[in-house]
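Visitor: I would like a close look at one part of this model. Please keep it brisk.

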Amino acid sequence: MALSAQIALWFLPFLVPLCLYVAYTDLASMRITNWTVLAMVTVFVVLGPFLMPLPVFGWQMAQLGIVLVVCMILNAAGAMGAGDAKFLAAAAPYVALGDVRLLMALFAAVLLASYAAHRIAKHSPLRRMAPNWDSWSQDAKKFPMGFALGPTLAIYLVLATVHGS
(Lines give C-alpha, C1' and ligand atoms only; values in the text may rest on other atoms or scores of the structure.)
Protein backbone atom coordinates (compact mmCIF):
# COMPACT_ATOMS: atom_id res chain seq x y z
CA MET A 1 0.00 0.00 0.00
CA ALA A 2 1.15 3.50 -0.77
CA LEU A 3 -0.26 5.02 2.42
CA SER A 4 2.17 4.77 5.31
CA ALA A 5 1.10 2.55 8.20
CA GLN A 6 2.22 5.21 10.66
CA ILE A 7 0.12 7.92 8.99
CA ALA A 8 -2.92 5.64 8.78
CA LEU A 9 -2.54 4.75 12.45
CA TRP A 10 -2.67 8.42 13.43
CA PHE A 11 -5.82 9.03 11.38
CA LEU A 12 -7.58 5.81 12.36
CA PRO A 13 -8.95 6.73 15.83
CA PHE A 14 -10.41 9.97 14.52
CA LEU A 15 -11.81 8.71 11.22
CA VAL A 16 -13.35 5.35 12.14
CA PRO A 17 -15.99 6.87 14.47
CA LEU A 18 -16.80 9.50 11.85
CA CYS A 19 -17.08 6.87 9.11
CA LEU A 20 -19.39 4.72 11.22
CA TYR A 21 -21.48 7.78 12.06
CA VAL A 22 -21.79 8.56 8.35
CA ALA A 23 -23.05 5.02 7.73
CA TYR A 24 -25.55 5.29 10.59
CA THR A 25 -26.94 8.73 9.69
CA ASP A 26 -27.32 7.80 6.04
CA LEU A 27 -29.24 4.67 7.00
CA ALA A 28 -31.39 6.47 9.56
CA SER A 29 -32.10 9.75 7.80
CA MET A 30 -30.63 9.47 4.27
CA ARG A 31 -28.27 12.34 5.13
CA ILE A 32 -24.55 12.81 5.57
CA THR A 33 -24.20 15.75 7.92
CA ASN A 34 -22.06 18.79 7.20
CA TRP A 35 -20.40 18.71 10.59
CA THR A 36 -19.16 15.17 9.96
CA VAL A 37 -17.42 15.99 6.69
CA LEU A 38 -16.06 19.22 8.19
CA ALA A 39 -14.65 17.18 11.08
CA MET A 40 -13.00 14.83 8.57
CA VAL A 41 -11.38 17.75 6.77
CA THR A 42 -10.35 19.34 10.07
CA VAL A 43 -8.60 16.16 11.22
CA PHE A 44 -6.60 16.07 8.00
CA VAL A 45 -5.75 19.79 8.07
CA VAL A 46 -4.62 19.62 11.71
CA LEU A 47 -2.67 16.34 11.64
CA GLY A 48 -1.57 16.16 8.01
CA PRO A 49 1.23 18.75 8.11
CA PHE A 50 2.82 16.92 11.06
CA LEU A 51 2.54 13.47 9.48
CA MET A 52 3.72 14.06 5.92
CA PRO A 53 6.05 16.35 4.02
CA LEU A 54 4.36 19.62 3.06
CA PRO A 55 4.47 18.94 -0.71
CA VAL A 56 2.69 15.61 -0.13
CA PHE A 57 0.20 17.31 2.19
CA GLY A 58 -0.43 19.91 -0.52
CA TRP A 59 -1.12 17.27 -3.16
CA GLN A 60 -3.46 15.41 -0.81
CA MET A 61 -5.34 18.68 -0.21
CA ALA A 62 -5.47 19.22 -3.98
CA GLN A 63 -7.21 15.84 -4.23
CA LEU A 64 -9.93 17.23 -1.97
CA GLY A 65 -10.50 20.15 -4.32
CA ILE A 66 -10.42 18.05 -7.48
CA VAL A 67 -12.82 15.44 -6.08
CA LEU A 68 -15.12 18.19 -4.78
CA VAL A 69 -15.38 19.83 -8.22
CA VAL A 70 -15.97 16.51 -10.01
CA CYS A 71 -18.56 15.41 -7.44
CA MET A 72 -20.35 18.78 -7.58
CA ILE A 73 -20.71 18.32 -11.33
CA LEU A 74 -21.99 14.78 -10.82
CA ASN A 75 -24.41 16.02 -8.16
CA ALA A 76 -25.69 18.75 -10.47
CA ALA A 77 -26.22 16.12 -13.16
CA GLY A 78 -28.24 14.02 -10.71
CA ALA A 79 -25.72 11.18 -10.68
CA MET A 80 -25.05 11.34 -6.92
CA GLY A 81 -26.37 12.89 -3.76
CA ALA A 82 -24.88 16.00 -2.21
CA GLY A 83 -23.93 14.15 0.97
CA ASP A 84 -22.09 11.50 -1.01
CA ALA A 85 -20.23 14.25 -2.90
CA LYS A 86 -19.24 15.96 0.36
CA PHE A 87 -18.06 12.71 1.89
CA LEU A 88 -15.99 11.72 -1.14
CA ALA A 89 -14.29 15.12 -1.17
CA ALA A 90 -13.57 14.98 2.57
CA ALA A 91 -12.23 11.42 2.23
CA ALA A 92 -10.01 12.15 -0.78
CA PRO A 93 -7.00 13.53 1.15
CA TYR A 94 -6.73 10.33 3.16
CA VAL A 95 -6.23 8.17 0.08
CA ALA A 96 -2.75 7.83 -1.39
CA LEU A 97 -2.85 8.17 -5.16
CA GLY A 98 -1.05 4.83 -5.54
CA ASP A 99 -3.90 3.10 -3.69
CA VAL A 100 -6.78 4.29 -5.90
CA ARG A 101 -7.14 0.97 -7.74
CA LEU A 102 -7.15 -0.92 -4.44
CA LEU A 103 -9.67 1.51 -3.02
CA MET A 104 -11.98 1.08 -6.02
CA ALA A 105 -11.90 -2.72 -5.63
CA LEU A 106 -12.49 -2.36 -1.89
CA PHE A 107 -15.40 0.01 -2.51
CA ALA A 108 -16.95 -2.41 -5.01
CA ALA A 109 -16.84 -5.22 -2.45
CA VAL A 110 -18.15 -3.08 0.40
CA LEU A 111 -20.90 -1.65 -1.80
CA LEU A 112 -22.10 -5.11 -2.80
CA ALA A 113 -22.03 -6.30 0.81
CA SER A 114 -23.79 -3.22 2.17
CA TYR A 115 -26.43 -3.29 -0.57
CA ALA A 116 -27.16 -6.96 0.10
CA ALA A 117 -27.24 -6.42 3.87
CA HIS A 118 -29.55 -3.43 3.54
CA ARG A 119 -31.98 -5.19 1.22
CA ILE A 120 -32.02 -8.36 3.32
CA ALA A 121 -32.63 -6.36 6.52
CA LYS A 122 -35.28 -4.23 4.79
CA HIS A 123 -37.33 -7.30 3.89
CA SER A 124 -36.81 -9.30 7.05
CA PRO A 125 -37.70 -9.10 10.75
CA LEU A 126 -34.39 -7.27 11.29
CA ARG A 127 -36.18 -4.14 10.09
CA ARG A 128 -38.06 -4.03 13.39
CA MET A 129 -34.79 -3.18 15.19
CA ALA A 130 -34.88 0.27 13.56
CA PRO A 131 -38.40 0.68 12.23
CA ASN A 132 -38.18 4.43 11.62
CA TRP A 133 -35.10 4.56 9.41
CA ASP A 134 -35.75 6.60 6.30
CA SER A 135 -33.70 4.25 4.14
CA TRP A 136 -36.33 1.53 4.49
CA SER A 137 -39.01 3.58 2.75
CA GLN A 138 -36.94 4.80 -0.22
CA ASP A 139 -37.74 3.52 -3.68
CA ALA A 140 -35.48 0.91 -5.25
CA LYS A 141 -33.37 3.57 -7.02
CA LYS A 142 -32.26 5.26 -3.78
CA PHE A 143 -29.66 3.66 -1.56
CA PRO A 144 -27.85 5.16 1.46
CA MET A 145 -24.36 5.26 -0.09
CA GLY A 146 -22.87 6.45 3.20
CA PHE A 147 -23.51 2.89 4.40
CA ALA A 148 -20.86 1.79 1.87
CA LEU A 149 -18.66 4.90 1.69
CA GLY A 150 -17.98 5.22 5.41
CA PRO A 151 -16.93 1.61 5.96
CA THR A 152 -14.83 1.69 2.79
CA LEU A 153 -12.66 4.52 4.13
CA ALA A 154 -12.47 2.91 7.57
CA ILE A 155 -11.41 -0.46 6.13
CA TYR A 156 -8.88 1.25 3.85
CA LEU A 157 -7.24 2.93 6.85
CA VAL A 158 -7.20 -0.35 8.79
CA LEU A 159 -5.60 -2.12 5.82
CA ALA A 160 -3.04 0.65 5.48
CA THR A 161 -2.23 0.37 9.18
CA VAL A 162 -1.61 -3.36 8.80
CA HIS A 163 -0.04 -3.43 5.33
CA GLY A 164 1.16 0.14 4.76
CA SER A 165 4.66 1.06 3.68
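Is Ser4 buried or exposed? And once that is settled, please walk me onward to the aromatic pairs.

Guide: This is a predicted model. Ser4 counts as buried, because its relative accessibility is 18% and the cut-off for buried is under 20%. Ser4 sits in the segment before helix 1, which spans 5-29. Leaving out residues up to four places away in sequence, Ser4 touches Ala160, Gly164 and Ser165.

Now move into helix 1. Ala23 lies in this helix. Ala23 is buried, at a relative accessible area of 7%. Beyond its neighbours within four places in sequence, Ala23 is in contact with Gly146, Phe147 and Pro151. Ala76 is 53 residues from Ala23 along the chain, and their C-alpha atoms are separated by 23 Å.

Next comes the loop between helix 1 and helix 2, where Met30 is found. Met30 is partly exposed, with a relative accessible area of 24%. Its backbone deserves a check. Phi of Met30 is near 55 degrees, a positive value in a residue other than glycine.

Helix 4 covers residues 82-91. Of its 10 residues, 7 are buried, so helix 4 is largely enclosed by the rest of the structure. The buried residues are Gly83, Asp84, Ala85, Phe87, Ala89, Ala90 and Ala91. What covers them includes helix 1, helix 2 (34-51), helix 3 (54-76) and helix 6 (146-163).

Now the rings. The count comes to 8 aromatic pairs. One of them is Phe44 with Phe57: the ring centres are 5.3 Å apart and the planes lie at 10 degrees, so this pair is stacked. The pair links distant parts of the chain, with Phe44 in helix 2 and Phe57 in helix 3, 13 residues apart. Phe44 is buried, at a relative accessible area of 1%. Phe57 is buried too, at 14%.

Tyr115 and Phe143 form another aromatic pair, and this one is tilted. Here the distance is 5.3 Å centre to centre, with 55 degrees between the planes. This pair also links distant parts of the chain: Tyr115 is in helix 5 (residues 100-122), Phe143 is in the loop between helix 5 and helix 6, and they are 28 residues apart. Tyr115 is partly exposed, with a relative accessible area of 39%. Phe143 counts as buried, at 13% relative accessibility.

Phe44 and Phe57 belong to a cluster linked by ring pairs, along with Phe11 and Tyr94.

Methods. Residues are numbered from 1 along each chain as its sequence is written. This is a predicted model: local features need pLDDT of at least 70, side-chain atom pairs count only at pLDDT 80 or more; totals for chains, interfaces and linings use all residues. Side-chain values use heavy atoms; hydrogens and water are left out. Helices (H or I, at least four residues) and strands (E, at least two) are DSSP runs, numbered from the N terminus. Buried means under 20% relative accessible area, exposed over 50%, partly exposed in between (1.4 Å probe, protein chains only). Contact means heavy atoms within 4.5 Å. Rings of Phe, Tyr and Trp (its six-membered ring) pair if their centres lie within 6.5 Å; planes under 30 degrees apart count as stacked, over 60 as edge-to-face and the rest as tilted.
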